[in-house]
Amino acid sequence: MNNNDILIRLRYTFDIKDSDMLHIFDLGGLTLSLDELRLIMKKQDLDTERDQAISRENLERFLNGFIISQRGVKVDKDGQALPATFDMISDALINNVTIKKLKIAMTYTTDHLQDFLAQAGKTVSSSELSAILRNKDHRNYKPVGDQILRNLLKGMALEYRGKGNVSDRKS
């Protein structure tokens, strides 16, 4: 999957307008013009580089902004805003980090994730899902391929499309 394919699928799933996309990017620390956003959101050819339209850093900025838009700014015990994490240090981590950040933003449980995958026709065990969500340095960490992320996003789209806004999701 290309990085912008992830954005295109998220935008479709949650029916995010241009103005909201720009706001989410801004919350993540990236200010874009409408023209820049439209270039990012243009579907790439399959044979192009993964980050031709949007770098993994800027994809992660969007995901961080999405978390803030849904949950607010994370603060420490003194009430000071904590900086967002940047965990996509290589292309191999993009899919795992995307799933983790979606789980955080939408307060999903592993049951939610399994339900979305099941709706797309993919079965993933609890232990396999747990391995996907672990820290990359953990001995049981499992890198996730494009197929699982693609099916997760497809299942989310099947769940949300036509139901209104993001807050209407099942709990």
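Contact here means heavy atoms within 4.5 Å. This is a predicted model, in which local features need pLDDT of at least 70, side-chain atom pairs count only at pLDDT 80 or more, and totals for chains, interfaces and linings use all residues. Residues are numbered from 1 along each chain as its sequence is written, and side-chain values use heavy atoms, with hydrogens and water left out.

**View A. What covers α7.** Helices (H or I, at least four residues) are DSSP runs, numbered from the N terminus. Leu129, Ala131, Ile132 and Leu133 are the buried residues of α7; buried means under 20% relative accessible area (1.4 Å probe, protein chains only). Their cover includes α5, α6 and α8.

**View B. The buried side of α2.** Met21, Ile24 and Phe25 are buried in α2. They lie on the same side of the helix because they cover an arc of only 100° around the axis. That arc is taken from the directions from the helix axis to the C-beta atoms. Cover for these residues includes α1, α3 and α4. Just after α2, Gly29 has a positive phi of about 100°.

**View D. Around Leu10.** Neighbours within four places in sequence are left aside. Leu10 is then in contact with Ile16, Phe62, Leu63, Leu102, Leu153 and Met156.

Conventions. Buried means under 20% relative accessible area, exposed over 50%, partly exposed in between (1.4 Å probe, protein chains only). Helices (H or I, at least four residues) and strands (E, at least two) are DSSP runs, numbered from the N terminus.
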